[in-house]
Structures are given as structure tokens and as C-alpha cells.
Amino acid sequence: AAERELPRLKTLGVDILWLMPVHPIGEKNRKGTLGSPYSVRDYYGVNPEFGTLADLKHFVDAAHAQGMYVILDWVANHTAWDNPLVAQHPEWYARDWKGDFHPSPWWDWSDIINLDYRQPGLRKYMTEAMTYWVREVGVDGYRCDVAGFVPVDFWDNLRSELEVALRGVDLQRLALERDRGAVERRGDDGE
């Protein structure tokens with residue numbers, strides 16, 4: 001449905017399309033009937049409410065044909081409680097003092113659990129997942145949700161990894177948002 005609006009958006013001067021998270025939404029501890037798109041159940045999947053991976057690729061190609069860029073909203077700080085990573089890699093998740101998984105304590109985000117970026121395997125997984133969407137789907141970059149709660153050195157390394165993996169890609173298109181101000185206000189490096 002959005003694809004047929006691309007010519008109209010182009011006439012309005014739109015040149016960057018920012019898509020909210022496109023991934024399947026978690027069901028465990030879901031908020032309301034729809035859930036939050038920021039409660040990611042699968043970093044490699046497309047929410048079936050939006051179509052298929054092929055549909056998304058077609059949309060991105062159509063946007064590129066109009067001279068537009070497409071960026072994805074990426075959720076790197078946390079996942080849904082029923083993301084397969086919870087069972088496959090429980091060590092990748094932050095724990096409370098009792099050793100239990102926990103949602104972010106600052107907001108009413110009970111539908112998500114925080115990731116632990118001290119884990120090298122998590123960093124590798126997240127880097128590979130973000131590279132996948134650029135290589136396989138053709139997205140041009142990311143707006144990174146709550147980027148300030150992920151260590152800055154992860155973002156620095158990701159940028160370096162993307163530069164190596166995507167030789168020949170116009171890196172000016174890779175719009176990684178880093179909110180250093182949030183890190184500075186919090187007074188740590190996100191760990």
C-alpha cells in the first residue's frame with residue numbers, strides 16, 4: 001500500500017523514508033492487542049502484517065527508483081521476551097540482582113528485556129543482522145532506537161564492520177544515529 005504513494009511523496013520533496021521496525025512483534029508480555037514494534041521477536045524476519053521479505057525488497061527497490069533512501073528503525077538495546085535468542089543465548093541478556101531477566105527500569109517497557117553488550121557473541125550477532133538488511137534488502141541505513149543505551153564502542157565497531165562489508169556502497173547513505181548526549185547524561189559507556 002505504501003509503495004503506490006512513493007511518487008506522491010517524491011513530489012512533496014521526500015528523499016528519505018524512515019520505516020519503523022519491520023520485524024515480527026513479540027507475543028509474550030505483549031502490550032495491548034497489537035504490541036509494540038520495538039519488542040522484536042526476530043531480527044531477520046518481516047512482520048507478516050507488513051507483507052513478506054520479497055515485498056519489502058520490492059518496496060526498497062521502488063523507493064530507490066524514485067531516488068529515495070530507505071532507513072530502518074533498529075532496536076539494538078532489547079528484544080521481546082519470546083525472541084529465540086532468549087533460549088539460544090540467555091547469556092546475552094542483562095539480569096537483575098536475583099539473576100532474572102528484566103525490562104528497562106526507567107519506563108513501562110514490560111514487553112522487552114535488555115541485552116548485555118559485554119557479550120562478544122551478541123555484538124557479532126547484531127553486527128551481522130544489521131549488515132544482512134543492507135546487503136540482502138538494500139536498506140540505506142538505520143535510525144537506532146535508544147542508541148545511547150548501547151555502548152558507543154559497539155556503534156564505532158559496527159561502522160567499521162559495515163565499511164569493510166560494504167565496499168563500494170556510498171557510506172554517506174548509512175545514517176547511524178548515535179546519541180552521545182544520552183550516554184554523557186547517563187555518565188557511563190552504556191554497559
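Visitor: At what angle do helix H2 and helix H4 pack?

Guide: This is a predicted model. Helix H2 covers residues 53-65 and helix H4 covers residues 120-137. Their axes lie 10 Å apart, and the packing angle is about 70°.

Visitor: Is H2 roughly parallel or roughly perpendicular to H4?

Guide: The two helices pack at about 70°. Angles of 65 to 115 degrees count as roughly perpendicular. H2 is therefore, relative to H4, roughly perpendicular.

Visitor: Which residues in H4 meet those in H2?

Guide: H2 contributes Leu-53, Leu-56, Lys-57 and Val-60. By class, the contact has six nonpolar, no polar and two charged residues. On the H4 side stand Tyr-132, Trp-133, Glu-136 and Val-137.

Visitor: How many residues of strand S2 are buried?

Guide: Strand S2 spans residues 69-75, seven residues. The strand is largely enclosed by the rest of the structure, because most of it is buried: six of the seven.

Visitor: What is the bridge partner of Trp-18 in S2?

Guide: Strand S1, residues 16-19, pairs with S2 in the parallel sense over four bridges. In S2, the partner of Trp-18 is Ile-71.

Visitor: Which residue in S5 is the bridge partner of Val-75?

Guide: S2 also pairs with strand S5, residues 141-145. This pairing is parallel, over five bridges. In S5, Val-75 has as its bridge partner Asp-145.

Conventions:
Residues numbered from 1 in each chain as written. Predicted model: local features only at pLDDT ≥ 70, side-chain atom pairs only at ≥ 80, totals over all residues. Heavy atoms only, no water. Axes fitted to C-alpha atoms, helices over the stretch in contact; angles between N-to-C directions. Parallel < 35°, antiparallel > 145°, perpendicular 65-115°, else oblique. Contact = heavy atoms within 4.5 Å. Nonpolar A, V, L, I, M, F, W, Y, C, P; charged D, E, K, R; others polar. Buried < 20%, exposed > 50% of the residue type's maximum accessible area, 1.4 Å probe, protein only. Pairing = 2+ DSSP bridges.
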